[in-house]
Amino acid sequence: MCASKRVHRLTLAKNMIKSVEKSCRTTLLAAESLLVNPSNTQTVVPKYKLLVVTVATKETDGFRRFMRSAKHFNYSVKVLGRGEKWSGGDMSAPGGGQKVRLLKQFLGEMSGDERVILFTDSYDALFASGSGELLKKFSQAGHRLLFSSETLLWPHRLLEDKHPHVSQGNRFLSSGGFIGYLPNVKRLLADWSGADSDSDQLYFTKLYINPDKRKSINMTLDSRCRVFQTLHGALDDVVLKFEEGRVRARNVLYDTLPVIVHGNGPTKLQLNYLGNYIPNTWTFETGCTVCGQDLLPLSSLQELPSVLVAIFIQQPTPFVSVFFERLVKLEYPKDRLQLYIHNQEPHHESHVSSFLKEHGDLYQKITSVGPEEELDITVSRNTAIDLCRQNKDCDYFFNLDIEVVLKNKDTLKILIEQNLPIVAPMITRAGRLWSNFWGALSAEGYYARSEDYVDIVQGRRGVWNVPYVSSVYLMRGSLLRSELQDIALYNSQSLDPDMALCDNIRNQGVFMYVTNLQMFGRILSTENIQTQHLHNDLWQIFQNPLDWEERYIHPNYSRILKGQLMETPCPDVYWFPIFSDTACDHLVEEMEHFGKWSGGGNKDNRIQGGYENVPTVDIHMKQVGYEREWHKFLLDYVAPVTEKMYPGYYTQFELAFVVRYKPDEQPSLRPHHDASTFTINLALNHVDIDFQGGGCNFIRYDCAITSPRKGWALMHPGRLTHYHEGLPTTAGVRYIAVTFVDP
C-alpha cells in the first residue's frame with residue numbers, strides 16, 4: 001500500500017513538472033513575439049502595395065525559371081537593366097554594384113510611405129509561395145526592412161565580430177534579397193555612390209553592422225529563413241516538403257517554410273534540383289506539370305529545322321552496321337540533315353564506307369573524317385560544333401555517339417518539339433541503372449547520385465534539369481551563336497570532353513535537360529569487344545544480350561513459348577523458328593572465313609577417342625572460339641523450348657558444329673543414330689535459293705522433311721527411335737548447325 005502511494009506521488013510530481021515546462025515555453029514564445037512585434041499586432045500589408053523588383057540584363061534559363069515561379073503565384077515583377085550590358089562583375093568575386101545603381105535610379109521618383117518593395121536576385125532564385133504569406137511574414141518580423149541571411153560571412157571575414165548576435169538563426173546578411181517599405185529602402189540606398197563593379201554585399205553589410213544606420217533604417221535579418229532561404233552553407237538544412245498539389249522547401253533546422261529560395265554562391269545546381277519540384281513543377285498528384293508547356297509544334301512550321309548530326313566512333317563498338325541502319329530509318333527529312341562523321345577506329349572503316357556508298361546521296365551534306373587523319377577527339381568535337389555555329393542556317397546540333405542505340409524513330413522530332421536549349425533523350429544500359437545523365441555532381445565535379453536519380457531512370461519524372469548529359473543530346477544552333485559563341489566547349493585541362501562540355505555550359509548559366517517522357521533506346525556496352533572475327537557481333541551475347549537477341553533471334557521466336565508456331569512434321573519431331581536470317585548468314589560466313597573444314601573422314605582428333613563413326617564435313621564451334629557463346633544461346637533460347645516439350649528434363653549440351661553439304665564434296669549422310677539423347681538441327685540457308693535437294697528422312701516413320709526453312713530448328717530424339725539420314729544436296733551448298741544434347 002505504501003509503495004503504491006509513493007508511485008502515485010511520483011506520477012503527480014512528473015505531471016506537475018511537465019505542466020510547468022509547458023507554461024514556461026508558452027511564456028517564452030509570447031515574449032519572443034513581443035520582441036519581434038512590440039505592439040503585438042500584425043498589420044499585414046495589402047497585396048496591391050507590393051512591388052517585386054529584380055535586375056536581369058539578359059534572359060537566362062534561370063531568369064525564365066524565376067519568372068515562371070512568379071507567374072504561378074501572380075507576382076508582378078519589374079525587371080531592371082534589360083538590354084543593358086552587365087558590368088557588375090562575374091559574381092565569383094565581390095561585385096554587383098550595378099544592381100544597386102539600377103534600383104536606386106528606379107526608386108528615385110517613386111513615392112508612397114506604405115509601398116513595399118521586394119528586391120531579389122532572379123538568375124538563381126525562385127518563389128515557393130505567394131504574396132499573402134510573404135507579406136504576413138514580413139509584418140511579423142517587426143521591422144520596416146528585412147534582409148536575407150546566411151550562415152557564411154562574405155566577402156570580409158574580419159567584420160565578423162561587428163555583427164550583432166541573434167538568439168537563433170543566421171547571423172550574417174545576404175544581399176540577394178530584401179523586402180521593406182519604400183522610404184526605408186530609399187534610406188538604404190541613399191549613400192550608394194560606388195561603381196557598378198563594387199560590392200553590393202559589402203555596402204549593405206557595412207550599413208547593417210553600424211548600429212546607428214541599422215536603427216535609422218529599421219533593418220533586421222530574416223535569421224530563421226522564414227522569408228528568404230539562402231542555400232550556401234545550408235544544403236543539409238533544406239529538404240523538399242511535398243504538400244497536396246505543391247512542393248515547398250523546408251528548413252529543418254528552424255522548421256520554417258521560406259517564400260523565396262536563393263541558390264547563392266556555388267549552389268546553383270542544388271537550386272536546379274529544387275527547381276525541378278518547386279513550386280509545382282512536379283508533384284506526386286500531378287506528375288510533371290510543365291512538360292507540355294512552351295512546346296514547338298513541328299506541324300506549325302513550313303519547313304523542318306536544319307540539323308547537323310555529329311557521329312563519333314572512338315573505339316571498337318558492336319553493332320555499328322545496325323547503328324547506321326537506324327540512322328537511315330530516323331523519321332526526319334534527309335535533305336534537312338547534315339552529317340559529320342569522325343571515325344577513329346580502323347576496324348570500322350568498312351562500316352562507314354558502306355553507309356556512305358549506299359546512303360550518302362540522301363543527305364544535305366556529309367563531312368567524314370577517318371582514322372588516317374589522326375584527329376584528336378576534343379578537336380574533332382569542337383570542329384563539329386563550329387560547323388553548326390558558323391552556319392546561320394544550322395538550327396540544331398545533334399550529338400550522336402556510336403554506342404547509342406536509338407530505337408525511337410521520332411527522337412529528333414520529339415527533342416526539337418521540347419523547345420529547350422539543350423535536351424537529351426534518356427537512355428540506359430540494359431538491365432542497369434547506368435545512363436547518359438547525372439542527377440548531381442560531387443564537390444570535385446564528378447558523378448554523384450541524386451535522390452531522384454533512380455526515379456528518373458525508371459521513367460517516373462519527365463523533363464528534368466540535370467548537370468550532365470552525354471552520348472546523345474540536342475543543342476540549339478542559336479545558343480552556339482550567342483551565350484556559347486566564344487567557347488571551345490569541349491576544352492578543359494583536367495576533364496574529358498563530355499565533362500568539359502557540361503562544365504562550360506553550366507558556367508554560362510545554361511540549363512541542360514533530360515527527358516524520359518518516351519522510350520528512346522539504350523547504350524551499348526563497349527567492354528571486352530572482340531575484333532579478330534569476320535562478324536564480331538556474334539560474340540556479343542554476353543556483353544549486349546538484348547542487342548544480340550534483336551539482331552540474331554528469329555522475330556517470331558516469342559510465339560513458340562506461347563504455344564504457337566510449334567510444328568510436328570514427323571512423330572516426336574518438333575520444328576520451330578529460332579535464328580534470324582542475319583544470324584544464319586553471319587554464322588555461315590564466319591565458318592567459311594575460318595575455312596578449316598574437316599575432310600569428312602572417320603579419323604577426327606577433335607573428338608574424344610579420335611574416331612567419328614558417321615563423319616561429316618564440318619567445323620566445331622570450339623574451333624572458331626564460339627563454344628561458350630553457343631552454349632549461352634542454347635541455354636537462353638533452346639532450353640526453354642526443350643523444357644516446354646519435355647517438362648522436367650534438364651538439358652546438357654555436348655557437341656555443336658556446322659555441317660556443309662555440297663554435291664562434289666559430301667552431298668548426303670548415310671542412315672544413322674545420333675550420339676545424343678536428342679539433337680537440334682538448325683537450317684542456315686534456303687532450299688531452292690541457296691541449294692537444291694537436301695533435307696532429313698526419318699526412316700522408321702517413313703517421314704521426310706525436304707523443305708527445311710532457314711532459321712528453323714528440328715528437335716528430335718537421337719538414339720534408339722529416330723534412325724535418320726541426310727538427303728542428297730543436288731546443287732548449291734547446304735549448311736546446318738547441329739547440337740547434340742544429353743541429360
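1. Basis. This is a predicted model, in which local features need pLDDT of at least 70 and side-chain atom pairs count only at pLDDT 80 or more, while totals for chains, interfaces and linings use all residues. Residues are numbered from 1 along each chain as its sequence is written, and side-chain values use heavy atoms, with hydrogens and water left out.

2. Disulfide count. A disulfide here is a pair of cysteine sulfur atoms within 2.5 Å. That rule gives three disulfides. With the bonded cysteines numbered in sequence order, the pairing reads 1-2, 3-4, 5-6.

3. Cys-388 and Cys-394. Their sulfur atoms are 2.1 Å apart. Cys-388 is buried, at a relative accessible area of 0%. Cys-394 also counts as buried, at 2% relative accessibility. (Buried means under 20% relative accessible area, exposed over 50%, and partly exposed in between, with a 1.4 Å probe and protein chains only.)

4. Cys-288 and Cys-291. This disulfide has an S to S distance of 1.9 Å. The torsion about the S-S bond is about 100°, so the disulfide is right-handed. Cys-291 is buried, with a relative accessible area of 10%.

5. Cys-570 and Cys-703. The S to S distance is 1.9 Å. The link is left-handed, with -80° about the S-S bond. Cys-570 lies in strand 28 and Cys-703 in strand 36 (residues 703–705), so the pair ties together parts that are 133 residues apart in sequence. Strands (E, at least two residues) and helices (H or I, at least four) are DSSP runs, numbered from the N terminus. Cys-570 is buried at 2% relative accessible area, and Cys-703 is buried at 12%.

6. Cys-696 and Cys-225. The closest cysteine sulfur to that of Cys-696 is in Cys-570, 7.9 Å away, too far for a bond. Cys-696 counts as buried, at 6% relative accessibility. Cys-225 is buried too, with a relative accessible area of 0%.

7. Strand 29 and its partners. Two strands pair if DSSP finds at least two bridges between them. Strand 28 (residues 567–570) runs antiparallel to strand 29, over two bridges. Cys-570 stands opposite Val-573 in strand 29. The two strands form a hairpin with two residues between them, and Asp-572 in the turn has a positive phi of about 60°. Strand 29 also pairs in the antiparallel sense with strand 37 (residues 712–717), over four bridges. There, Trp-712 is the bridge partner of Pro-577.

8. Burial of strand 29. Five of the five residues of strand 29 (residues 573–577) are buried, so it is largely enclosed by the rest of the structure. Val-573, Trp-575 and Pro-577 point one way, Tyr-574 and Phe-576 the other way.

9. Aromatic pairs. Rings of Phe, Tyr and Trp (its six-membered ring) pair if their centres lie within 6.5 Å; planes under 30 degrees apart count as stacked, over 60 as edge-to-face and the rest as tilted. The structure holds 37 aromatic pairs. Trp-438 and Tyr-468 are stacked, 3.8 Å centre to centre with 20° between the planes. Trp-438 lies in strand 20 and Tyr-468 in strand 24, so the pair ties together parts that are 30 residues apart in sequence. Both residues, Trp-438 and Tyr-468, are buried.
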